[in-house]
Amino acid sequence: MGKKILNELITNTKVEIAGAVARLGSEYIGLDIGPIVGNNCNLGIKITSSISEVFESSDVVIDFTTKECMLECLKAAVKFKKPLVSGTTGIEGLNLKEYAAKVPILWSANMSIGVNVLLKLVKEAAKLLGNEYDVEIWEMHHNLKKDSPSGTAIEFGKAVANAAKVDFELNQYSHNNSNIRGKGGIGFAVSRGGGVIGDHSVMFVNSDERVELNHKAIDRTTFARGAVQAAIWLCENKTPGLYSMQDLV
Ligand SMILES: NC(=O)C1=CN([C@@H]2O[C@H](COP(=O)(O)OP(=O)(O)OC[C@H]3O[C@@H](n4cnc5c(N)ncnc54)[C@H](OP(=O)(O)O)[C@@H]3O)[C@@H](O)[C@H]2O)C=CC1
Ligand SMILES: O=C(O)C1=N[C@H](C(=O)O)C[C@H](O)C1
């Protein structure tokens with residue numbers, strides 16, 4: 001995602017890249033971002049290992065990393081009073097509101113416009129169909145993905161639970177045992193393979209019919225473009241608070 005986001009920033013005339021960060025000891029440290037993203041020439045920005053340096057020199061920072069690194073970014077955002085856009089998933093347990101009380105934070109498990117429109121449709125379907133349908137959420141991603149289920153699948157599940165007025169934590173259901181499916185449970189199924197960018201399906205099923213709402217990402221540019229749009233939007237709306245892509249679509 002780092003390379004995709006850099007490419008998106010380079011082609012977007014509304015923004016300028018102020019810095020880029022990689023892990024201490026990474027082969028990229030000290031290199032110019034140009035050749036790394038396939039440019040013939042240097043772009044005058046060298047990759048640093050200092051998160052603080054990047055926050056100091058930027059108006060807004062974009063993070064797609066890990067839970068641990070996102071936590072460092074949240075702390076730096078507060079320290080340097082800079083807005084943060086994050087798409088990092090697998091972050092259960094991080095209290096985003098604590099940091100968002102001090103600086104603007106935009107977090108979304110999925111930055112694509114399509115998924116965020118689908119999220120609104122899922123909320124509407126859950127409201128209209130009521131609690132009588134079994135809800136099954138399936139996702140498939142590439143074989144390098146670390147977290148499971150995907151952050152997007154979890155957000156779909158939370159939206160359904162919210163619309164059905166049930167506690168999400170108590171109603172998740174995974175099919176890795178032989179129990180018969182409980183009524184009202186929100187089922188999760190996960191597939192991993194090859195280079196799949198990200199497929200999601202939310203199904204509402206009763207004994208007579210099945211409603212399926214699907215999204216398939218074709219290129220990771222969709223996430224990068226959303227993240228850059230979010231960063232521009234966040235700079236224009238600088239009030240501290242917790243935002244998401246739902247505020248943009
Ligand atoms: N919201 C959305 O739309 C999307 C979210 N994602 C999420 O974004 C995250 C990243 O995904 P992806 O790019 O595929 O994963 P990668 O593992 O390819 O990239 C993560 C990068 O973060 C770097 N990193 C980790 N810790 C640090 C640190 N402390 N300092 C500096 N760099 C660090 C890693 O470096 P190193 O390799 O050296 O460990 C790696 O280059 C995941 O949580 C994924 O689920 C992905 C796509 C879309
Ligand atoms: O890791 C990924 O690749 C993706 N992660 C996000 C998630 O966990 O939902 C979003 C997207 O589906 C790609």
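Begin with ligand 1. Around this ligand stand 20 residues, and those that come nearest are Met 1, Thr 65, Cys 69, Gly 87 and Phe 223. A residue is near a molecule or strand here if its C-beta atom, placed from the backbone, lies within 6 Å of it. By type, the shell around ligand 1 has eight nonpolar, ten polar and two charged residues. Ala, Val, Leu, Ile, Met, Phe, Trp, Tyr, Cys and Pro count as nonpolar; Asp, Glu, Lys and Arg count as charged; the others, Gly among them, count as polar.

A word on the model and its labels. This is a predicted model, in which local features need pLDDT of at least 70, side-chain atom pairs count only at pLDDT 80 or more, and totals for chains, interfaces and linings use all residues. Residues are numbered from 1 along each chain as its sequence is written, while chains are lettered from A and ligands numbered from 1 in the order in which they are written.

Next, highlight residues 1-111. An unreviewed UniProt entry places the feature "domain: Dihydrodipicolinate reductase N-terminal" there. UniProt positions follow the numbering used here, feature names are shortened, and annotations may be inferred rather than shown by experiment. The span is 36% helix and 13% strand, and its end C-alpha atoms lie 11 Å apart. Helices (H or I, at least four residues) and strands (E, at least two) are DSSP runs, numbered from the N terminus.

Go to helix H4, residues 67-80. At 1.5 Å a residue, its 14 residues should span 20 Å, and the end C-alpha atoms are 20 Å apart, which agrees. The expected span is 1.5 Å times one less than the number of residues. Met 70, Cys 73, Leu 74, Ala 76 and Ala 77 are the buried residues of H4. They cover an arc of only 170° around the axis, which puts them on the same side of H4. The arc is that of the directions from the helix axis to the C-beta atoms. Buried means 20 or more other C-beta atoms within 10 Å of a residue's own, exposed means 12 or fewer, and partly exposed is in between.

Step past H4 to Lys 81, in the loop between H4 and strand S4 (84-86). Lys 81 has a positive phi of about 55° although it is not a glycine. It counts as exposed, with 12 C-beta neighbours inside 10 Å.

Select helix H6 next. In H6, Val 115, Asn 116, Leu 118, Leu 119, Val 122 and Ala 126 are buried. They cover an arc of only 155° around the axis, which puts them on the same side of H6. Turn to the face away from that buried side: Lys 120, Lys 127 and Leu 128 are exposed there.

Finish at Pro 149, in the loop between strand S6 (134-141) and helix H7 (151-164). A cis peptide bond joins Ser 148 and Pro 149, with omega about -10°.
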